[in-house]
Amino acid sequence: MKNRSLPTQLFCGLALTVASLVMGACHTPLYYHPEYNFAGRPTPPSGLLNRVMASYTTNGSSGGAEILDALNDLRRNIQNTIPAWYITSFSAAQPTTIFNYPEQTSGYILSYTDGTLTTINYSKETAAGSVGSFNTTPASVATSALGTYFAAANTNAGQIYVINNGATYTFNLPNVDKVVTNQGATAILAMVRNSNALYRIIKLPLTNNPVLPPGYVDCEPLLLPTLCLIPVADQNSAGVAGAAYDHPSGASFSLDGTTAYIDNCGPECGGTTAGVTMLQEGALEITNVPTADPLCGDPNHPACPAGNPATLTALPVPNPIPIPGGVTATLSDGVTLYLAGQQLQGTGLFAGNLTLLSLTSYTITNTYSISDGTHTKMIFGDDNTLWIGSTQCANGARAALAAAGNTTQAANYNCLTRFVPNSTVAGGSNAILPSWSASTAYAQGQRVTDGTNVEVALTAGTSGGSKPTWTTNTNGYTSTTDGSVVWVNVGAVTPVQIIPTITPNNPTASQTNGGTNLTVQYPNTNQNLVYYGTLSGICWVQNLHKMYTAYGGQIHAFNTADGSEINNTNITIQGTVYDVAYMDALTNSAN
């Protein structure tokens, strides 16, 4: 350390005395920042700058929410004097879902067992009371950033619950299993299992004699109705009644707030044709009360009156748009609509696909093979990446290939996909992977491109001073020695990576015993070396080039630059992890 003046030394000593969290003399504090560090957000009790909240259960009957330090990848402080941080005053048997609103410095956690939705105060890192209850084991819950409306679908009860200003409204709708809201909760949609119908909630004008809307399903309260459940018009762009939807299973909304994208699950949910139906978002708003039966033209419904407003978005192609690859999740960047789903194969198994739909021509521009399973998570990340998560991935076409002895990445049946849109194989800002570099330190598991193929670091070390002669064997059996690094070639560079990378059916010894067999680096408690399990939660740790996940019931974190896994030893939570949320994200879109 350089010599310092006496005043400087005194100041540093005083700083050390007052702030015990400072690592060294006059160094940047670890766990302290100004009271209002960003957008008026106060310093939380933990003092952490980058917090990931994880909900967990210890035994299925008790659980809570823990806070992780996503900057340093720790569940404790660096000095190891604080073993863990928790959301105080919160407990739940099965806290399955987190609804994250960092812009509002708050969120909500659903307790699946009793259906209770609890408010979480991010500034105080504590529970802030119950929003209400949606009966036991709700199938789906939707919340809003401003807390104006909350909705839930309870399949067992056959009911939809809507909470507004502390009042709960209950609507009867047998087999309802999905509710969706747009960001401002100005539109609330509902879907029914094994059905081609779509429903929405409307709010009646305040009056002593409310007029029930034509075609309504249920209105509540019974004596003086305020909210009603009504069907959404189901004619396609050709005017065919009942043809607008095919087993709808979800929805997303355009960035400009004009369009709702309805996910038509199709064959994956027992239907006929997978696709996306585009609806005018304004026509779905809760204040838009119909003056005619929305199902006019259907059998047993009246003819459509002149001037009946259309719900479909006018497109240059037929609406809905068929998506052969399947649709259970959608996400838009304003230019492209990304659709994840599964397509039935000739083997009788389903295979996962990512379909890219141009929002200019409304035509499919490309389709990629991704993880199998039911796709429920899509999120953008740093380094121009899109991440897609799914559940129950071990029952699809990829797992069948693995069982048949396939040795390529096509037999990697893990549940997380990293995708790089508008990408190049090597070089440029949209490169799929970093290019190999000379005299560079590489950690085990890091990925680079050799210009053609993906090379995974089997052994950590420093690369040589010149490019090695790469093996051209892409089955993952052979390796390339490069300085003190050993690389394994796992196939051609493509925009898609199944995460984590493994070498299926590799006959060589494990990497710890000198072989080239790449397995998962940080196995879960079941010690499965090739499959983490269902991905139930994912969040983007903005600007830190990380994605945190709830993967197979445990925390797993990944680098966005190359998809390699971050050591999870110090972020492992005792129990089964359900969901994750980045509490300090710049925007609500980080989950």
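## Salt bridges

A salt bridge is counted where a side-chain nitrogen of Lys or Arg lies within 4 Å of a carboxyl oxygen of Asp or Glu. By this rule there are five salt bridges. The model is predicted, so local features need pLDDT of at least 70 and side-chain atom pairs count only at pLDDT 80 or more, while totals for chains, interfaces and linings use all residues. Residues are numbered from 1 along each chain as its sequence is written, and side-chain values use heavy atoms, with hydrogens and water left out.

One of the bridges joins the side chains of Arg-51 and Glu-125, at 3.0 Å from N to O. This pair links distant parts of the chain, 74 residues apart: Arg-51 is in strand S3 (residues 51-57), and Glu-125 is in the loop between strand S8 (116-121) and strand S9 (126-133). Helices (H or I, at least four residues) and strands (E, at least two) are DSSP runs, numbered from the N terminus. Both Arg-51 and Glu-125 are buried, where buried means under 20% relative accessible area, exposed over 50%, and partly exposed in between (1.4 Å probe, protein chains only). Arg-51, Glu-125 and Asp-584 are linked in a network of salt bridges.

## Two further pairs

The side chains of Asp-73 and Lys-546 also meet in a salt bridge, at 3.1 Å from N to O. Asp-73 lies in the loop between strand S4 (63-69) and strand S5 (85-86) and Lys-546 in strand S38 (residues 546-551), so the bridge ties together parts that are 473 residues apart in sequence. Asp-73 counts as buried because its relative accessibility is 13%; Lys-546 is buried as well, with a relative accessible area of 8%.

Asp-177 forms a salt bridge with Arg-193, and their closest N and O atoms are 3.8 Å apart. Asp-177 belongs to strand S14 (residues 176-181) and Arg-193 to the loop between strand S15 (188-192) and strand S16 (198-203), 16 residues apart. Asp-177 counts as partly exposed at 23% relative accessibility, and Arg-193 counts as partly exposed at 43%.

## A four-stranded sheet

An open sheet of four strands has the order S27-S28-S29-S36, with antiparallel pairing. Strand S27 (374-381) and strand S36 (496-499) stand at the edges with a single partner strand each, so one side of each has no neighbour in the sheet. From one strand to the next, the twist averages 20°; axes are lines fitted to C-alpha atoms, for helices over the stretch in contact, and angles run from 0 to 180 degrees between N-to-C directions.

Two strands pair if DSSP finds at least two bridges between them. Strand S29 (residues 416-419) and S36 run antiparallel and are joined by four bridges. Thr-417 stands opposite Ile-498 in S36.

## Nonpolar core

A nonpolar core is a set of buried Ala, Val, Leu, Ile, Met, Phe, Trp, Tyr and Cys residues joined through side-chain atoms within 4.5 Å. The largest one has 40 residues, and those with the most contacts inside it are Val-52, Trp-387, Leu-416, Tyr-548 and Ile-555. Elements that give two or more residues to this core are S3, helix H2 (397-403), strand S37 (535-541), S38, strand S39 (554-559) and strand S41 (576-582). S37 gives the largest share, five residues.
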